[in-house]
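Then follow the stops below.

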Amino acid sequence: GRHTVEMRGRVQGLHATLDPSPAVLDILIDPLSPELQVTLDEIGKHEPGLLFVNLVDFDMLYGHRRLPIEYYQALVEMDGWLPRWRAAMTDDELLVVTADHGNDPTFRGSDHTREYVPLLVAGKAGVKTGVDLGTRATFADIARTADAALGLGKVTEGTGFLTQILA
C-alpha cells in the first residue's frame, strides 16, 4: 500500500518543483540501493541493540555538490525502501530516520545549511501511526528516546518521545 511522507522547508519546495517523471528519476548518479539493501539485511538479523546507518551520499554526493535533482532521486529511492525495512522488523523494533544536519542542495556554496532535519519514527505492533512529534529542540531528544527504548536509563539530556509513540 501507499504511505504518506510529509516534507517541510526546502525539501517540500524541491519536491513540488521537480518533475517526477521517469526521465528525471533515471538520472541518479550513484544509486543508494547497495546501502539500502545492506540496511534491510541488517534489520532482518534482529540483533539486540542499536543499528546505525549513515547514508552519506545525501550529504557528500548531492547536498554539498548542490545537485538537487540527484538529491530528490535519492529521497525517492530511499522512500521506496521504507516499507521493506518496516516489513522486516519485529514487533518490538523501532525505526528512526533522521540526519545530522541540514544540507539544502539548492542553496549557494557548499557548506551545511540551517534546514530542519527529518524525524521519521516507525514500528509495527505497539507503535502509533500519525503522531506529530513537532519541531524538536535538540538531537538529544532522539538519544533520550533510544536510551528509553533500549532500557538503559543513561541519557539525561533532551526530552524523549517514546511514551508519545507507543500504543
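Which helix do the buried residues of α3 pack against? They pack against α5 (68–88). Before selecting, note that this is a predicted model: local features need pLDDT of at least 70, side-chain atom pairs count only at pLDDT 80 or more, and totals for chains, interfaces and linings use all residues. Residues are numbered from 1 along each chain as its sequence is written, and side-chain values use heavy atoms, with hydrogens and water left out.

**Stop 1: α3.** Select residues 33–43. Helices here are DSSP runs (H or I, at least four residues), and strands are E runs of at least two, numbered from the N terminus. Leu36, Thr39, Leu40 and Ile43 are buried (under 20% relative accessible area, 1.4 Å probe, protein chains only; exposed is over 50%, partly exposed in between). They lie on the same side of α3, because their arc around the axis is only 100° (taken from the directions from the helix axis to the C-beta atoms).

**Stop 2: α6.** Move to residues 140–149. Buried here are Ala140, Asp141, Ile142, Thr145 and Asp147. The buried residues of α6 pack against β1 (94–97) and α7 (162–165). Now pick threonine 145, at 2% relative accessible area. Leaving out residues up to four places away in sequence, threonine 145 touches Gly160, Phe161 and Leu162 (contact: heavy atoms within 4.5 Å). After α6, find glycine 151: its phi is positive, near 70°.

**Stop 3: leucine 50.** Go to the loop between α3 and α4 (57–63), where leucine 50 is found. Leucine 50 is exposed, at 67% relative accessibility.
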